[in-house]
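This report describes a protein model from the level of single residues up to the contact between its chains. Please consult the sequence and the structure while reading.

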Amino acid sequence: MVKGDIKNREAFLDKIADNLGRARKTSGVERPRWSNQVQWSVLKDHTEDQLVDVLEKQCDFIHTDLVRTNQSNLNQAIRDVIKGWNGKNVVTWDDPRFTTFGLTNQFKSWNEEDGITVNQWDASSGEESIRLAEKADVGITFSDITLAESGTVVLFSDQGKGRSVSLLPATYIAIVPKSTLVPRMSQATREIHQRVESGERISSCVNFITGPSNSADIEMNLVVGVHGPIKATYIVVEDR
Amino acid sequence: MPMHIGEKEFTNRVDKGLGDDFMRGAVRSAQGRLQSNRAGAAEELGDWDQWRDLGQEIRSHTMENLDFYLQQLSEKVAERGGHVYFAETADDANQYVSEVIAKKNAKKIAKSKSMVTEEIALNDILEENGCEVVETDLGEYILQIDDNDPPSHIVAPALHKNKEQIRDVFKEKLGYTNTEKPEELTLFAREQLRKEFLSADVGITGCNFAVAESGSFALVTNEGNARMVSTLPKTQITVMGMERIVPTWEELDVLVSLLTRAAVGQKLTSYVTALTGPKDEDEVDGPEEFHLVIVDNGRSKMLGSEFQEALHCIRCAACINVCPVYRHVGGHAYGSIYPGPIGAVITPLLGGYDDYKELPYASSLCGACTEVCPVKIPLHEQLITHRRNIVEEEKKSGLAERLVMQGFSRVTRSSKLFNVATKMAPFLVTPFVEDGSIVKGPGPIKPWTNIRDLPVPQKERFRDWFKTREKGGTGHGQG
Ligand code: SF4
């Protein structure tokens, strides 16, 4: 990747140092040890099952349905949600987990039995994949990390994991493997921080998604469904 | 004055606000709701005060080392192929953005809500250059469609409009034919704006927090428009105030948690989107080209000054939601895009005392703002410091504080509801009363009572006190 330009930096930063009454600092600044670690005590000793309970409760507040299932019933659970929404056009990530969880080879029967068309995000088709996502009425992704406290699925973008899949369709399903559950945002951001520290390249887009889009801009009345999905369902699946 | 909105005269703006019953009702109920949401969320989180301490500590460390963290941020953005422009003034920022847009030959720009681009009046410049600029945040969109009516609240910019007014605006400008139901209005806006997202050449966003260690930046939203703006257009420009930065992702967690709770009482908003550079080469959606514009525009003056802590602000609007004076006069009365207590602190710093010297007086000094601020900015003390500075600066003219006080006393005189505004003060100061005057105040009120004894609002209303002060006679001792 070609390095980008940086313009007007030195004078700008010199002025900051000047006003702070010291010389420029260009290296050697370390974060101090913060005087408390209060974020780490939230849901600290919760087991995975307890975290699912917390997640389920939180889903009530964020206008999101939660379905619990196991691997053998996952296919049916997803189909039921889609049918409940009258969905016909589905777009999914190109994510190996669709195969691991035994879904990919079911898509044909979705079509034959229920008339549901499934398109997989296909980076090689370029703009066409965005157009397909725009036309779809259901978007499905897996959750990469799931935050129990806030009811949030964390999605890391990459070639097969387009940003549009969880954004453009009017309804959205997140498949939540139970093993992805953590107490709160702190665990997810620490993981990303550790990746940065070890020199790993982080995704160009990390989305923390908490239910469907909403707005209270008209007389402070909450309206669910603005630019992103209008409805959302999390399907929690036992994976170990 | 880019930051300026509405009528030039503070008192005219205030009179207008006081005359608008819907606006005041809306402000009151919004304040009430946001405030109780915030209180609920804070309580549920537990240890709220420790969270605030942590927030304050992080902000303070970051400001003390701002040059270092901005340098790190710019390096990391560039490593990921993004371009960084440091803009000392509003003009510099606007010019750079204009150049990028001209180079792209872009005609349509989709924007998501951003206070800093309002501050530098970026839209005006882009429109002068012949671009079509679409505000995509629902509240901002409504305002824009209504011939650029200015925003009145940081979190809920169209707070002063009711749904019938919005329906009429949509009908008149866009041929809307449905009812005033918020759901129908919203669905209509969704359809209108979807077309705009898909056809926009450039997306412009603000930035809630940049993350120095990785060159990332986070957008905290509910509607999803910021995701659209950063997913569909081929070029993305992000404009950030230079203070909106954290060292690492771990601090991002703490500040986002404080922001969403303090702003709207949510554990997290629907979307927290953290972007790093342009899209990867093998990805399809996301911008091919990314520019980060870091804006000073007067902020560096606050560094090293008695107002440095004002830069800790994370724009949650909690101080606005508890402010009795804001409740009373509404956002437009402040004449600045930054209203409420924080607006009264930073607007005179960014725009100068000449134009904004009344603002530090638009406060009843009840201390509620300081109490709720998630990063513990001593808003109160800062307002008092402003007042002292203004008095100092104007002493020579002889008119001094009197003129300014007079300006504000007109507000208080003309207001039937000022009783409400002072409601909180008795609660806070009663234990310190002797013979009807406050002899020493707790916390925030103290510096003020060092100058003069305050009357007890319960017994003698604030505006009566002002009235008698103006005439020159009062039993409360003038400082
Ligand atoms: S001053 Fe504090 S309470 Fe007010 S907007 Fe800023 S962070 Fe929020």
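## A loop residue at the chain boundary

In chain B, Glu88(B) is located in the loop between β1 and α5 (90–103). The model is predicted, and the values below are computed from it.

Beyond its neighbours within four places in sequence, Glu88(B) contacts Phe12(A) and Lys15(A) in chain A, and Asp296(B), Asn297(B) and Gly298(B) in chain B. Its contact with Lys15(A) includes a polar contact between the two side chains, at 2.9 Å. By contrast, 35 Å separates the C-alpha atoms of Glu88(B) and Lys195(B), which lie 107 residues apart along the chain.

## Strand pairing

Strand β10 (residues 289–295) of chain B has 6 of its 7 residues buried. Two parallel partners of this strand can be named. Strand β1 (residues 83–87) of chain B is joined to β10(B) by 5 bridges, with Ala87(B) opposite Val295(B). Strand β7 (residues 235–241) of chain B is joined to β10(B) by 7 bridges, and here Gln236(B) stands opposite Phe290(B).

Strand pairing also crosses between the chains. Strand β10 (residues 205–209) of chain A and strand β9 (residues 271–276) of chain B run antiparallel and are joined by 5 bridges. Within this pairing, Val206(A) has Ala274(B) as its bridge partner.

## The interface of chains A and B

The interface brings 113 residues of chain B into contact with 95 residues of chain A. About 8600 Å² is buried between the two chains, and carbon and sulfur atoms contribute 56% of that area. The rule finds 12 salt bridges across the interface. One salt bridge between the chains pairs the side chains of Glu127(A) and Lys234(B), at 3.0 Å from N to O. There are 62 residue pairs in polar contact between chain B and chain A, with both residues at pLDDT 80 or more. On the chain B side, the residues that touch chain A comprise 50 nonpolar, 29 polar and 34 charged.

Over all chains, the structure holds 42 salt bridges. In one of them, the side chains of Glu75(B) and Arg9(A) meet at 2.9 Å from N to O. Glu75(B) belongs to helix α4 (residues 66–79) of chain B and Arg9(A) to helix α1 of chain A, so this pair joins two chains. Glu75(B) is partly exposed at 23% relative accessibility, whereas Arg9(A) is buried at 13%.

A further salt bridge links Arg24(A) and Glu10(A), whose closest N and O atoms are 2.9 Å apart. This pair connects distant parts of the chain: Arg24(A) is in the loop between α1 and α2 (48–61) of chain A, and Glu10(A) is in helix α1, 14 residues apart. Relative accessible area is 22% for Arg24(A), which is partly exposed, and 39% for Glu10(A), also partly exposed. In helix α7 (residues 185–197) of chain A, Arg195(A) and Glu191(A) lie 4 residues apart, about one turn of the helix. Salt bridges with shared partners connect Lys3(A), Arg9(A), Glu10(A), Asp14(A), Arg24(A) and Glu75(B) in one network. The side chains of Arg195(A) and Glu191(A) also meet in a salt bridge, at 2.7 Å from N to O.

Thr64(A) is found in strand β2 (residues 64–69) of chain A and is buried, with a relative accessible area of 5%. Its side chain reaches the backbone oxygen of Ile62(A) at 3.0 Å. Not counting residues up to four places away in sequence, Thr64(A) touches several residues, among them Cys59(A), Pro212(A) and Tyr234(A).

Two residues other than glycine have a positive phi. For Asn8(A), phi is near 65 degrees; this residue lies in the loop between β1 (6–7) and α1 (9–19) of chain A and is partly exposed at 43% relative accessibility. For Arg315(B), phi is about 55 degrees. Arg315(B) occupies the loop between β10 and α13 (318–322) of chain B and is buried, with a relative accessible area of 12%.

## Chain B as a whole

The secondary structure of chain B comprises 23 helices and 13 strands. Of its 479 residues, 66% count as buried. Among contacts in chain B with a separation of 6 or more, 75% involve residues 24 or more positions apart.

Note on methods:
Residues are numbered from 1 along each chain as its sequence is written. Chains are lettered from A and ligands numbered from 1 in the order in which they are written. This is a predicted model: local features need pLDDT of at least 70, side-chain atom pairs count only at pLDDT 80 or more; totals for chains, interfaces and linings use all residues. Side-chain values use heavy atoms; hydrogens and water are left out. Contact means heavy atoms within 4.5 Å. Buried area is the accessible area (1.4 Å probe) that two parts lose on being put together, summed over both. A salt bridge is a side-chain nitrogen of Lys or Arg within 4 Å of a carboxyl oxygen of Asp or Glu. A polar contact is a pair of N or O atoms within 3.5 Å; within protein, one must be able to donate a hydrogen and the other to accept it, and residues adjacent in sequence count only if both atoms are side-chain atoms. Ala, Val, Leu, Ile, Met, Phe, Trp, Tyr, Cys and Pro count as nonpolar, Asp, Glu, Lys and Arg as charged, and the others, Gly among them, as polar. Two strands pair if DSSP finds at least two bridges between them. Buried means under 20% relative accessible area, exposed over 50%, partly exposed in between (1.4 Å probe, protein chains only).
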